[in-house]
Amino acid sequence: MWLLLLLSVLGTCWAQYNPNTQPGRTSIVHLFEWRWDDIALECERYLAPNGFGGVQISPPNENVVIHNPSRPWWERYQPISYKLCTRSGNEEEFRNMVKRCNDVGVHIYVDAVVNHMCGNGVTAGRDSTCGSYFNPGKREFPSVPFSGWDFNDGKCKTGSGEIENYGDMYQVRDCRLVGLLDLALEKDYVRSKVAEYMNHLIDIGVAGFRIDASKHMWPGDMKAFLDQLHDLNRTWFPEGAKAFIYQEVIDLGGEAIKSSDYFGNGRVTEFKYGAKLGTVLRRWDGEKMAYLKNWGEGWGFMPSDRALVFVDNHDNQRGHGAGGAAILTFWDSRLYKMGVGFMLAHPYGFTRVMSSFRWPRYFENGKDINDWVGPPNDNGIIKRVTINPDTTCGNDWVCEHRWRQIRNMVIFRNVVDGQPFTNWWDNGSNQVAFGRGNRGFIVFNNDDYELSFTLQTGLPAGTYCDVISGDKIDNNCTGIKITVSDSGNAHFKISNTAEDPFIAIHVNAKL
């Protein structure tokens, strides 16, 4: 009896840390600004067959329409109501996407913007994605409804009403973030409206939430609305399953608010991960790949079972958020593929892959002044994600998740899931290798000279296809072949000028 009680308590405690992905699926992808009907198609034709566990979607609730500049990506982070009505589609299209993705075992994670409503500088009216009336000057959002009573203006102690000092946790959580009207989440009514919105999404069938701007909410206020959430929809999830929660908390150290403040509510975004990995792969500050031997908690990161990790996200690939110029993005494709490959091979954290769109970069004084540009569109209508004959994307969609090297490393992670970190090797500089038990092995050359070594892989003897340079098709390799001896050794040769200076093999790519 006591054991059953303990297990039920542990199950409840651990529920919000579990991504609810199907067995054998270990990563999610952020399809940033995609339409709901395109996501549904992508789940069926690509994500499910290639072992992706789920999709983080852009905020699905009604937002303000910004004309100056013309429809920036960040307008979606300025809510007007909790109606499911955006540039990505309406509620019917949203429901269809959730059903179609769940039906093929790919789950949906909603980017939930619940810290605030739109900015105080937005003009009152009906210029919103669903046509709902709002008046930020009077704090009126009748479609929720929220009124002046529901905001933190009286609680904020700064003269401007804005956050002026990130060393003051009260300002960070009670004042306006860049003019966005800060909701009073200490109030039961406000909590109930947030929970109502999230429960509507859970009942439709979503698997969890990225909670935007979590750092700007008190952890106890968040717990109060998270405790009101329903169990997941039993059409697709086991009885008693809880929503996966991962909270956006930018913590690079040196501020009043720490990631660990939020561990009680769910996982937390580990922003140090991409910032440090980018610094290492760029070989800045004297960093070397050899130093990655104790990657993870050994680098001062949060515990692995609390971390949601990524090489870049929609903010910091544009220079916002955290990490600055160290962040690797699709613009630096050679290093980026290495970074994502390392992340997906390494056991630390729960992994999210980025899928972006291109924008016309224009730099002034080292800053991209086009960092606001929204998704590919025709007069504000988001363009379809078209697929080229080589399976890459057109219409200015980057689709990093469709790059062979990244797709195959998502599969690699699935194959080695649960295996220990083994057989580390390095040359003292920027050539490193490691295994995942007896299931996979990966080798990197980020030095300015060739790598040529015989290494212990820990894998069974045989001939393997390198999944970076090609694929295993019809019991043959379209790329490099690696022969593992009876002793588990294999010889690796990687030119420093190779298009992709890394090799990955796993037991499912064995001839």
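Author: A residue is called buried when its relative accessible area is under 20%, exposed when this is over 50%, and partly exposed in between (1.4 Å probe, protein chains only). The model is predicted, and local features need pLDDT of at least 70, side-chain atom pairs count only at pLDDT 80 or more, while totals for chains, interfaces and linings use all residues. Residues are numbered from 1 along each chain as its sequence is written, and side-chain values use heavy atoms, with hydrogens and water left out.

Reader: Why is Ser81 called buried?

Author: Ser81 has a relative accessible area of 0%, and because the cut-off for buried is under 20%, Ser81 falls on that side of it. Ser81 is part of strand 4 (residues 79–84); helices (H or I, at least four residues) and strands (E, at least two) are DSSP runs, numbered from the N terminus.

Reader: What does Ser81 touch, and what does its side chain reach?

Author: Contact means heavy atoms within 4.5 Å, and, leaving out residues up to four places away in sequence, Ser81 touches Asn61, Glu62, Met117, Ser132, Ser143 and Val144. The side chain of Ser81 also reaches the backbone nitrogen of Lys83 at 3.1 Å, which sits inside the limit for a polar contact (N or O atoms within 3.5 Å, one able to donate a hydrogen and the other to accept it within protein, with residues adjacent in sequence counted only if both atoms are side-chain atoms).

Reader: What makes the link between Cys43 and Cys101 a disulfide?

Author: A disulfide is a pair of cysteine sulfur atoms within 2.5 Å, and the sulfurs of Cys43 and Cys101 are 2.1 Å apart, so the pair qualifies.

Reader: Why is the disulfide of Cys43 and Cys101 called right-handed?

Author: The torsion about its S-S bond is about 90 degrees, and so the disulfide of Cys43 and Cys101 is right-handed. The link of Cys393 and Cys399, in contrast, is left-handed, with -95 degrees about the S-S bond.

Reader: How many disulfides are there in the whole structure, and which cysteine is in no disulfide?

Author: A search of the whole structure finds five disulfides, and, with the bonded cysteines numbered in sequence order, their pairing is 1-3, 2-4, 5-6, 7-8, 9-10. Cys118 is in no disulfide, since the nearest cysteine sulfur, that of Cys130, is 15 Å away, to be set against the limit of 2.5 Å.

Reader: Why does Thr329 count as buried?

Author: Thr329 has 5% relative accessibility and therefore counts as buried, although this residue lies in the loop between strand 11 (307–309) and helix 8 (333–345). Leaving aside neighbours within four places in sequence, Thr329 is in contact with Asp312, Gln317 and Tyr336.
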